Amino acid sequence: MIDFRYHLVSLIAVFLAVALGIVIGTTALNEPILADIENQVAALQQDKRDLEDRTRELEAQLDTSQEFEEAVGPALVAGTLTDRSVLLVLTDEGVAPETVEEVTALIGEAGGSVSGVLRLQPAYTDPASAAALQSYVAGPGLPAGLQLPESGDSGVLVASLLSQVLMVPEGGPVPDDTAVSSVLAGLASLEVLAAESASVSPADHAVVLNGSPFEGPDAEQRNAALVALATALDAQGRGAVVAGTAASARPEGLVGALRADPALAAVVSTVDNVGTEVGRISTVLALGQESQGTSGVYGTAEGAQPIPPVPAAPQ
């Protein structure tokens, strides 16, 4: 008869056979699997080395390209703004000081000068400031002889007031220095703007430098105030350029908002890569085009020209 011990030995033998089979099978399978994994790791390591080499090559090309642009920039813009003055308006804290310095330097290379630098504060576009602004510009903030449009929009009213005291109309009189000082001091007291230059005087052209797009539920209203300012400066003077980063060319950005309206895009030049040397060159060249009554869309966004037309060298 088959007793319990026989069953126990049989079961142990079966388990040992299964375990031995697993070990043998795993050993046989492990070698090709391990080899395949090692090959994949080696391929990934090589891809990583190739990408690092490519990154270094691209960085070297970028450095060379930037050096070239810095070298040829002054020659490209030379004479495009002879005896013209330019007001720089910074729309937010996202506009880097280096950008302001480099645009200023290129304007000088073009034969022009910067009449002043203004930086708008968050309250300028804040809907909560609308009542105070409207009350100020329509009352004590309005210099004698100036007339504002009939509008209930504080952004439109402030833009009109600033453009009338800060821009020199083509063939028209230069705004009074007293009016300039009065308006800027009043708006500074409301904490909606601040002068970042020793003095601010009326200019022929304006460059509106834009940083990051607005976010939040009031973004559209804030953007509308900047659009009103840019278009007012352009209409009152001899042309304006709005220059921002790639982010500003998005639908919610200032550059994007201007480009989305064909009527505005036809009169106010826009640049969407002012953070690069070529973008700053484009900004100054676009000012030269504005002085000739021509506006354009420049930069790297879809539908934009890489750079404005470069003036022919004098014979």
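Q: Which residue of β4 stands opposite Leu88?
A: This is a predicted model. Leu88 belongs to β1, where it is buried. Strand β1 is joined to β4 (residues 205-209) by five bridges, and the two run parallel. Within β4, the residue that stands opposite Leu88 is Val207.

Q: Why is strand β1 described as largely enclosed?
A: Strand β1 covers residues 85-90. Ser85, Leu87 and Val89 point one way, Val86, Leu88 and Leu90 point the other way, and all are buried. In a regular strand the side chains alternate between the two faces of the sheet. β1 counts as largely enclosed by the rest of the structure because the number of its six residues that are buried is six.

Q: How many bridges join β1 to β2?
A: Strand β2 spans residues 113-120 and runs parallel to β1. Ser85 stands opposite Ser113 in β2. With helix α2 (residues 97-109), the two strands make a right-handed β-α-β unit. The bridges that join β1 to β2 number six.

Q: Which class do the residues lining the largest cavity belong to: nonpolar, polar or charged?
A: The model has one cavity of 30 Å³ or more, and the volume of the largest cavity is about 40 Å³. β2, α5 and α7 each give two or more residues to its lining. Val89 is one of the lining residues, along with Leu118, Leu120, Leu162, Leu166, Leu193, Leu229 and Leu233. No polar and no charged residues occur there, and the class of the eight is nonpolar.

Q: Which helix supplies the largest share of the lining of the largest pocket?
A: The largest pocket has a volume of about 200 Å³ and 14 lining residues, with Asp153, Ser154, Gly155, Gln221 and Ala225 nearest its centre. By class, the lining has eight nonpolar, four polar and two charged residues. α3 (122-125), α4 (130-137), α5 (154-166) and α7 (219-236) each supply at least two residues. The largest share, four residues, comes from α7.

Q: How many charged residues are in the lining of the second largest pocket?
A: The second largest pocket holds about 160 Å³ of space. Its lining includes Pro143, Pro169, Pro173 and Pro175, as well as Gln164, Asp176 and Gln236. Eight of the lining residues are nonpolar and two are polar, while the number that are charged is one.

How values were computed
Residues are numbered from 1 along each chain as its sequence is written. This is a predicted model: local features need pLDDT of at least 70, side-chain atom pairs count only at pLDDT 80 or more; totals for chains, interfaces and linings use all residues. Side-chain values use heavy atoms; hydrogens and water are left out. On a 1 Å grid over the protein atoms alone, a cavity is a set of points where a 1.4 Å probe fits but cannot get out, and a pocket is an open set with protein on both sides within 12 Å along at least five of seven lines; lining residues have an atom within 4 Å of a point. Grid points are joined across faces, edges and corners, and a volume is the space filled by probe spheres set on the points. Ala, Val, Leu, Ile, Met, Phe, Trp, Tyr, Cys and Pro count as nonpolar, Asp, Glu, Lys and Arg as charged, and the others, Gly among them, as polar. Buried means under 20% relative accessible area, exposed over 50%, partly exposed in between (1.4 Å probe, protein chains only). Two strands pair if DSSP finds at least two bridges between them. A crossover is right-handed if, with the strands pointing away from the viewer, the path from the first strand over the helix to the second runs clockwise.
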